[in-house]
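Q: Can you walk me through this model? I'd like to go piece by piece.

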Amino acid sequence: MRWLGFDWEDRLFYASDYFDQMYDYAVQLIKAGKAYVDDLSTDEMRGYRGTLIDPGKESPHRNRSAEENLDLFERMRAGEFKDGSRVLRAKIDMASPNLNLRDPAMYRILHAEHHRAGNKWCIYPMYDWAHGLEDSIEGITHSICTLEFEDHRPLYDWFLDELGVYHPQQIEFARLNLTYTVLSKRKLLQLVEQGYVSGWDDPRMPTISGLRRRGYTPESIRNFCERVGVAKTDSTIDVALLEHCIRQDLNKRAPRVMCVLRPLRVVIDNYPEGQTEDMDAVNNPEDTDMGTRKVPFSRVLYIERDDFREDPPGKFFRLAPGREVRLRYAYLITCVGAVKDERTGEVVELHCTCDPASRGGNPPDGRKVKGTIHWVSAAHALAAEVHLYDRLFTVENPGDITSSADFEGVLNPNSLETLTGYIEPSVSGAAPGSRYQFERLGYFCVDSKDSSPDRMVFNRTISLRDSWAKIEKQL
RNA sequence: UGGGGAAUCGUCUAGUGGUAGGACGGCUGACUCUGGAUCAGCAAGCCCAGGUUCGAAUCCUGGUUCCCCAGCCA
């Protein structure tokens, strides 16, 4: 929460801080004849509850005396009874059309250690009972929750009114659903437990820790929330909006750097062997205050395989036999030959010539080249592990899957691709969490968990918008 | 066929009796040493049917559709 930018100051509250007071309130309700101890089993209670359409029946223990209830409740607390053997229920109305009002449980017996209260208690309050009490004790004015609690509000109100205590107002709003992912804790837990992700902070998880490790900034998340708004319509936000927010933020603040993900070796035939030049590169064209850096250039380079086509389709502006392109911040080069693997026919190396007069990227004659591609000097590049993350699911609403909650069929098998990238040496020593734009590829951050100085690990936060991909799709 | 909610561009969201607006996404085009960014523009919506009113997304009536509820979970 702090990382997101919030500060609760001295107001870190826990429901368990109020267990004693809640117990006293329960006693108060028992004395008032508004709560009773029931001995029905879970199954029996279910039977007595009725259905959505039919009213329930009253428990045979519903009319025990206050004295008996008090005695039983004290003994529940004292640990005399087994888990599940008894429960304290509110005495409301077994025929209520709102099932939450059919004598809901307030306390159940649970001989379990509490992470804060230790072993002090063996009875624990139910959510509906605890919720309003916490709010009331803390003196809050409005209690915001999600839509599914709308028909719990009458119960929230009932407890507070029967107790005659300060009564905050519960207001329900839609939860924030997102396309191509699930957000329910249960489903997320399933992803973790069944090993579909590496943990709660896996960069594909829509958790705060996951988003953080993925490279999302707190500002982008808050901005996203502001844009989404708050309303009561049960809605699902297009994940593209989240992606837009992080791109917008990182475009302004992420330093640019060059990295080649799928290397194709390029030899500049007319460039002297053994020579190295430092090219001046702008750190962020969106913010010149971020300065410049030097990028080493030499005779043997790597470029992206995708940036070369032997037989280029129309509108392909990158390298091809006989074509000239700009190596960003370096030289204009022309492809003069391709070396192929004899067996597979795969292009394994390119031979190019550079125009020495175009140093820095601009030819003195002012001729235009349509394409500018990124590159890295083979001898200077740093090898790093790069994680290419993509959406976890292939369908827009994986949460809709009703069956046995089996995600198998809708999980994106390519949500993580790991490869070795070759990065310009300037990123060496970057701190975990550092964010960069790998030019023409996307935004990446140094993994905060697995990266080390000798083997850096980068996570792709989000790709850059790729209009070429759209054009190519239509070809 | 019980109860509780919600319906406005593809997706979110404003508008609460007076010109239906914004964002994302989509599509054009301009510009560009990132096919990024930026800029300009276009398409796209009031769940339906009646009614009230000079005038209805908004008020009334009746429908329709969708979501939630039968945990000793939250």
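**Helix, strands and RNA**

A: Helix α4 (residues 127-138) has twelve residues, which at 1.5 Å a residue should span 16 Å, and its end C-alpha atoms are 16 Å apart, in agreement. The expected span is 1.5 Å times one less than the number of residues. Helices (H or I, at least four residues) and strands (E, at least two) are DSSP runs, numbered from the N terminus.

Q: Before going on, what kind of model is this, and what are the conventions?
A: This is a predicted model, where local features need pLDDT of at least 70 and side-chain atom pairs count only at pLDDT 80 or more, while totals for chains, interfaces and linings use all residues. Residues are numbered from 1 along each chain as its sequence is written, chains are lettered from A and ligands numbered from 1 in the order in which they are written, and side-chain values use heavy atoms, with hydrogens and water left out.

Q: Back to α4. Which of its residues are buried?
A: Asp128, Trp129, Ala130, His131, Gly132, Leu133, Asp135 and Ser136. Buried means under 20% relative accessible area, exposed over 50%, and partly exposed in between (1.4 Å probe, protein chains only).

Q: What do the buried residues of α4 pack against?
A: They pack against α1 (19-31), β3, β4 (123-125), β5 (142-146), α5 (153-163) and β6 (169-173). Contact here means heavy atoms within 4.5 Å.

Q: And just after α4, what is there?
A: Gly139, with a positive phi of about 70°.

Q: You listed β6. What about Gln170, buried or exposed?
A: Gln170 is found in strand β6 and is buried, at a relative accessible area of 4%. Leaving aside neighbours within four places in sequence, Gln170 is in contact with His131, Ser143, Cys145, Phe149, Arg153 and Tyr156. His131 is also one of the buried residues of α4.

Q: What polar contacts does the Gln170 side chain have?
A: A polar atom of the Gln170 side chain lies 3.1 Å from the backbone oxygen of Phe149, and a polar contact of 2.9 Å joins the side chains of Gln170 and Glu172. A polar contact is a pair of N or O atoms within 3.5 Å; within protein, one must be able to donate a hydrogen and the other to accept it, and residues adjacent in sequence count only if both atoms are side-chain atoms.

Q: New topic: Arg89. Where is it?
A: Arg89 lies in strand β2 (residues 87-90), and at 2% relative accessibility Arg89 counts as buried. The Arg89 side chain makes a polar contact of 2.8 Å with the side chain of Asp38. A polar atom of the Arg89 side chain also lies 2.7 Å from the backbone oxygen of Asp103.

Q: How far is Arg89 from Tyr107?
A: Their C-alpha atoms are separated by 7.2 Å, with the two residues 18 apart along the chain.

Q: Where does Ser298 sit, and what does it touch?
A: Ser298 is in strand β13 (residues 292-298). Not counting residues up to four places away in sequence, Ser298 touches Ile268, Tyr271, Gln275, Thr276, Ser377 and His380. With Ser377 there is a side-chain to side-chain polar contact of 2.7 Å. Ser298 is buried, at 8% relative accessible area.

Q: How many disulfides?
A: The count is zero, with a disulfide taken as a pair of cysteine sulfur atoms within 2.5 Å.

Q: What does Arg256 reach on the RNA?
A: A polar side-chain atom of Arg256 lies 2.2 Å from a base oxygen of RNA strand B.
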